[in-house]
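New notebook page. I want to look up a few contacts and charged pairs here and jot down what turns up.

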Amino acid sequence: MELPILTISNILNETIPEIDWYVNDVPKEKVGLPNLPLGRIVELSGTYEGFASNDPTALFTHLQVDVWVKDMKELSKYYYKIDEVLRDEAIQCTYTEQTHDIDFENTRRIIKRYTITQRVR
């Protein structure tokens, strides 16, 4: 079974390669306007559910995808595209927001949270 953050990372790297994707941390040298757009995928929590004979049948994992972009044009380009790509893989968005990130040279930031369900074998 693949880690949920790696599943999301593989999907996004394949379908939206123009974003420089990272798992958990963005290297400090990449933080800044010249390197945008870039994205980060972080696991927030996971819950085993659907027990049968004391063994779980599913793992529900909640993840956050952050994307930093240069301007509103890029924000508009990726805001729904990420949802569409992950929805095609049966990964549902549970929260979405766009904001300014003052710690990232006041760039625009897309914040998305998703739930991925994996069967436990």
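**Entry 1: A58.** Leaving out residues up to four places away in sequence, I find A58 touching T47, Y48, E49, T117, Q118, R119 and V120 (contact means heavy atoms within 4.5 Å). A58 lies in strand β3, residues 58–69. I checked how strands and helices are assigned: they are DSSP runs numbered from the N terminus, helices being H or I with at least four residues and strands E with at least two. A58 and T117 sit 59 residues apart in sequence, yet their C-alpha atoms are 6.7 Å apart in space. A58 counts as buried because its relative accessibility is 12% (buried is under 20% relative accessible area, exposed over 50%, partly exposed in between, with a 1.4 Å probe and protein chains only).

**Entry 2: ground rules.** This is a predicted model, where local features need pLDDT of at least 70 and side-chain atom pairs count only at pLDDT 80 or more, while totals for chains, interfaces and linings use all residues. Residues are numbered from 1 along each chain as its sequence is written, and side-chain values use heavy atoms, with hydrogens and water left out.

**Entry 3: the overall picture.** I get three helices and five strands, in the order α-β-β-β-α-α-β-β from the N terminus. The C-alpha trace spans about 55 × 25 × 25 Å along its principal axes. Of the 121 residues, 40% are buried.

**Entry 4: salt bridges.** How many salt bridges does the structure hold? I get seven (a side-chain nitrogen of Lys or Arg within 4 Å of a carboxyl oxygen of Asp or Glu).

R109 and D66 make one of them, at 2.9 Å from N to O. R109 is in strand β5 (residues 107–119) and D66 in strand β3, so this pair ties together parts 43 residues apart in sequence. Are these two buried or exposed? R109 is buried at 17% relative accessible area, and D66 is buried at 1%. I also see R109 and D66 in a salt-bridge network with R40 and D101.

Next I looked at D83 and K112, whose closest N and O atoms are 2.8 Å apart in a salt bridge.

Last, D20 and K30 form a salt bridge with closest N and O atoms 3.9 Å apart. D20 is in strand β1 (residues 20–23) and K30 in the loop between β1 and β2. D20 is partly exposed at 29%, and K30 is partly exposed at 27%.
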